[in-house]
Amino acid sequence: KRILVLNGPNLNLLGTREPGTYGSQTLADIEKLCKEDANSLGLKLDFRQSNHEGELVSWIQDARKTADGIVINPAAYSHTSVAIHDALRAVGLPTIEVHLTNIHTREPFRHHSYVSSVALGVICGLGAAGYRYALAALAEKLSD
Ligand code: DQA
């Protein structure tokens, strides 16, 4: 099965961005972990990041033909993007939303995510491990 892993704005800065909040791992480190897990789970992984809402929307649309499931950390767009919500709803692929931090213990503007209501599940607060749990969950879901 093919999994599209999408990362939203500013996640390209991981490692140097507010390390007290987001940790010292870079996005490349997270991609490596995900690729290792994908290999052992028998998944094909397409791991991407964009700072542009429309590009993320287009990639989600393309996933209709190229993926069986989606893992997405929409970053700040979680809290603002009806367009990403609509794209995920339109595509209808099993989707797991991941956040490195626990958005519910942070500023009130991070407590609501437009993506959660179209996600199969939501993992937050567990750092990079959240991506790994999401891949494991999708592998199991897609084998049913
Ligand atoms: C984040 C949480 C968001 O509120 C924030 O805008 C991010 C990262 C996380 O992974 O914890 O950029 O999605």
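Mentor: Let us start at the outside, with E18, which is exposed, having 11 other C-beta atoms within 10 Å. The words for burial rest on a count of other C-beta atoms within 10 Å of a residue's own, with 20 or more making it buried, 12 or fewer exposed, and anything in between partly exposed, the C-beta atoms being placed from the backbone. Before going further, please keep in mind that this is a predicted model, in which local features need pLDDT of at least 70 and side-chain atom pairs count only at pLDDT 80 or more, while totals for chains, interfaces and linings use all residues. Residues are numbered from 1 along each chain as its sequence is written.

E18 is found in the loop between β1 and α1 (19-22), where these labels refer to DSSP runs numbered from the N terminus, helices being H or I runs of at least four residues and strands being E runs of at least two. The phi angle of E18 is near 35 degrees, a positive value in a residue other than glycine. A75, in the loop between β3 and α4, also has a positive phi without being glycine, with a value near 50 degrees, but A75 is buried, with 21 other C-beta atoms within 10 Å.

The loop between β3 and α4 also holds Y77, which counts as buried with 24 C-beta neighbours inside 10 Å. Leaving aside residues up to four places away in sequence, Y77 touches G8, P9, E53, L56 and I84, where a contact means that two C-beta atoms, placed from the backbone, lie within 7 Å. The C-alpha atoms of Y77 and G54, 23 residues apart along the chain, are separated by 11 Å.

Two packed helices are described by the angle between their axes and the distance between the axes. Such axes are lines fitted to C-alpha atoms, for helices over the stretch in contact, and the angles run from 0 to 180 degrees between N-to-C directions. For α3 and α4 the axes come within 9 Å and cross at roughly 5 degrees, which makes these two helices roughly parallel. Angles under 35 degrees count as roughly parallel, over 145 as roughly antiparallel, 65 to 115 as roughly perpendicular, and the rest as oblique.

A second pair is formed by α2 and α5, whose axes come within 9 Å and cross at roughly 25 degrees, so that α2 and α5 are roughly parallel to each other as well. In this contact I30, L33, C34, D37, A38 and L41 of α2 meet Y131, R132, L135, A136 and A139 of α5, and by class the contact has nine nonpolar, no polar and two charged residues.

From here we can turn to the largest nonpolar core, which has 35 residues, and of these I3, V71, Y131, A134 and L135 touch the most other members. Elements that give two or more residues to this core include β1 (2-7), α2 (27-41), α3 (53-66), α4 (82-91) and α5 (129-143). A nonpolar core is a set of buried Ala, Val, Leu, Ile, Met, Phe, Trp, Tyr and Cys residues joined through C-beta atoms within 7 Å. Y131 touches V5, I30, L33, C34, V71 and V98, again not counting residues up to four places away in sequence.

A137, in helix α5, is partly exposed, with 17 other C-beta atoms within 10 Å, and apart from residues up to four places away in sequence it touches I96 and G121. A129, also found in helix α5, is partly exposed with 14 other C-beta atoms within 10 Å. In the loop between β5 and α5 lies G125, which is partly exposed, with 14 other C-beta atoms within 10 Å, and which touches T101 and N102, not counting residues up to four places away in sequence.

Definitions and conventions. Nonpolar A, V, L, I, M, F, W, Y, C, P; charged D, E, K, R; others polar.
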